[in-house]
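Please look through the structure shown below with its sequence alongside.

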Amino acid sequence: MAASYTYGKTLLKVEDVSLEYDGRPILKRVSAEIKDIIRSDRVQGQVVGFLGPSGIGKTQLFRIIAGLNKPTSGRVTINGEDRPVQAGEVGVVAQNYPLFEHRTVISNLLLAAKQKEKDDKVAHDKVVQYLNDFDLIDKARLFPAQLSGGQRQRCAIIQQILCSDHFLLMDEPFSGLDLLMLEKTSELIQKVANMDELNTIIVVTHDVTAAAAVADHLWLMGRDHDAGGKPLPGSHIVETYDLIERDLCWHPQIITQPRFIEFVREVKERFRSL
Amino acid sequence: MNEAIAVLSPNRVISKKTIRWLVGFQLLMLFFVWLFSPTVFLPKPREVFQALGEMWVEGLGGELITSFYLNLEAIALSTLLSLLLAYLTVIPFFRPIVALLSKLRFLSMVGLTFFFTLMAATGHELKLFLLVFSVSVFFVTGMAEVVASIPKEKFDLARTLRMGEWRVVWEVVVLGQADKAFEVLRQNAAMGWMMLTMVEGISRSEGGVGAMLLNQNKHFHLSAVFAIQLTILVLGLAQDYAIGLLRKIFCPYADLTLERA
């Protein structure tokens, strides 16, 4: 049985975003929306899986949502504000988890915390709290080069959470992970999402199963095709899947259930037609 | 036995102890080659050390101090100037200027001495200008390349942390590349010693080890020439070590990912 929930205010809105490069359309009128999911019995954050074949323009849209690039037309807004998103308002965890290599873990995190929190003591306490929550307290004085891949990932996530306004974009977090690490990363994403009601994570990935296992909504990006089956230039979100409506999320062992496997097969089938 | 094989195998990491043995052995070999060399014009170690002793009495120490301070002054000025110019390449307006300056490294000192003489008020100033110019054109080339090769993701990281563009420059370009700046400095500071003899030959009023070397060379006192060169080499190595030490102290993260750290 599906858990009871309602939708609250719009947290992030992609409004008719188009992008051209040298006169060539990359993105064509992309529109999407993320709303606050409200569950009476618990804090529920939002996780959107953003899927699409390579070269479709995912990175371009990713950068526009992060405020790092400007679209040719349209805009991305957050928290209902009537202005385009600015760099820094949406956290970005890139694929190789970049950190400032010349700073220690705690220095990297304090730098991020102080960007938002003016009181040094409060910023420090916040950082220590996160280091404890994410089992990194004993690594605080190490440099990023001394961390393992998983520790680096957690450090990069904390850094971005400390600085952004509840939004986190993650680029290919499941890439190249073994089964155990994949599960750990999925748990980490859900843990971060559920730390605050307004926390919203967009996961850009090729891994349909991992995305479906962790997300409450899936966006599938692709191109339209002409009558001859040839792809038309300019991609957009061709399909949105609501996994809550399908009762496919918030269940601990959902990935082993036949209806989940069937859903993944359906998405993969659609993926191949893009 | 394993270490002995490792010494001759590609991409093998060997212990510090083995490295010390290796360096000692190679220096000893070099010394023997020198000692037993059949070349008539190559002064023997005994002659060189004898010449060194004589020159020390004649004031080599004082000349070394004069040259050392001149070189230090030139390195400090070149570092300031080159780093400033290299960091300025973050502003598109300065990129062609810096590119042009880096092309000046192809010019010969001989053709420029006249212009620097006109600009300088004293012999010391002339030597300083020549040295700063010679080192800076190489330093700025190396450092501008370091700035240009910073990956986009580093800038993006700073921007996602709500940094303004000047703060991005400070964090990513200045602090983030400090270890590389030390490395470029280390490589180019050696250039100062190389140019010093020539520059001190142009203006001999203050003396210096370069003027001394040119005098000995003119009279074909090869033992003395070798003794001065050896002294310069030792000072250069000490300078290299000092810059490397500063890099280790200020940038302890720099070599963490290196195989041969």
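Helices, with at least four residues, and strands, with at least two, are here DSSP runs that are numbered from the N terminus. On that basis chain A of this predicted model contains 7 helices and 9 strands. The radius of gyration of chain A is 19 Å, close to the 19 Å that the globule rule gives for 274 residues, so chain A is as compact as a globular protein of that length. Taken along the principal axes, the box that the C-alpha atoms of chain A fill is roughly 60 × 45 × 35 Å. Of the 274 residues in this chain, 43% count as buried, and among its contacts between residues at least 6 apart in sequence, 70% join residues that are at least 24 apart.

Two packed helices are described by the angle between their axes and the distance between the axes. For helix 4 (residues 149–163) and helix 5 (residues 179–193) of chain A, the angle is about 15 degrees and the axes are 12 Å apart. Because angles under 35 degrees count as roughly parallel, helix 4 of chain A is roughly parallel to helix 5 of chain A, and the crossing of these two helices is right-handed. On the side of helix 4 of chain A, the residues that meet the other helix are Gly150(A), Arg154(A), Ile157(A) and Ile161(A), while helix 5 of chain A brings Met181(A), Lys184(A), Leu188(A) and Val192(A). Sorted by class, this contact has 5 nonpolar, 1 polar and 2 charged residues.

Two of these residues, Ile161(A) and Val192(A), are also in contact with Leu168(A), a residue that lies in strand 6 (residues 167–171) of chain A. Is Leu168(A) buried or exposed? Since a residue is buried if 20 or more other C-beta atoms lie within 10 Å of its own, Leu168(A), with 23 such atoms, is buried. Leaving aside neighbours within four places in sequence, Leu168(A) also contacts Gly91(A), Val93(A), Gln160(A) and Ile201(A). By contrast, the C-alpha atoms of Leu168(A) and Gly55(A), which are 113 residues apart along the chain, are separated by 22 Å.

Finally, the contact between the chains takes 19 residues from chain A and 16 residues from chain B. On the side of chain B that touches chain A, helix 8 (152–160) and helix 9 (165–175) of chain B each supply at least two residues, and helix 8 of chain B gives the largest share, 6 residues. The residues on this side of chain B divide into 7 nonpolar, 3 polar and 6 charged.

How values were computed
Residues are numbered from 1 along each chain as its sequence is written. Chains are lettered from A and ligands numbered from 1 in the order in which they are written. This is a predicted model: local features need pLDDT of at least 70, side-chain atom pairs count only at pLDDT 80 or more; totals for chains, interfaces and linings use all residues. Two residues are in contact if their C-beta atoms, placed from the backbone, lie within 7 Å. Ala, Val, Leu, Ile, Met, Phe, Trp, Tyr, Cys and Pro count as nonpolar, Asp, Glu, Lys and Arg as charged, and the others, Gly among them, as polar. A residue is buried if 20 or more other C-beta atoms lie within 10 Å of its own, exposed if 12 or fewer, and partly exposed in between; C-beta atoms are placed from the backbone. The radius of gyration is taken over C-alpha atoms; the globule rule is 2.2 Å times the number of residues to the power 0.38. Axes are lines fitted to C-alpha atoms, for helices over the stretch in contact, and angles run from 0 to 180 degrees between N-to-C directions. Angles under 35 degrees count as roughly parallel, over 145 as roughly antiparallel, 65 to 115 as roughly perpendicular and the rest as oblique. A crossing is left-handed if the near helix is turned anticlockwise from the far one by less than a right angle, and right-handed if clockwise.
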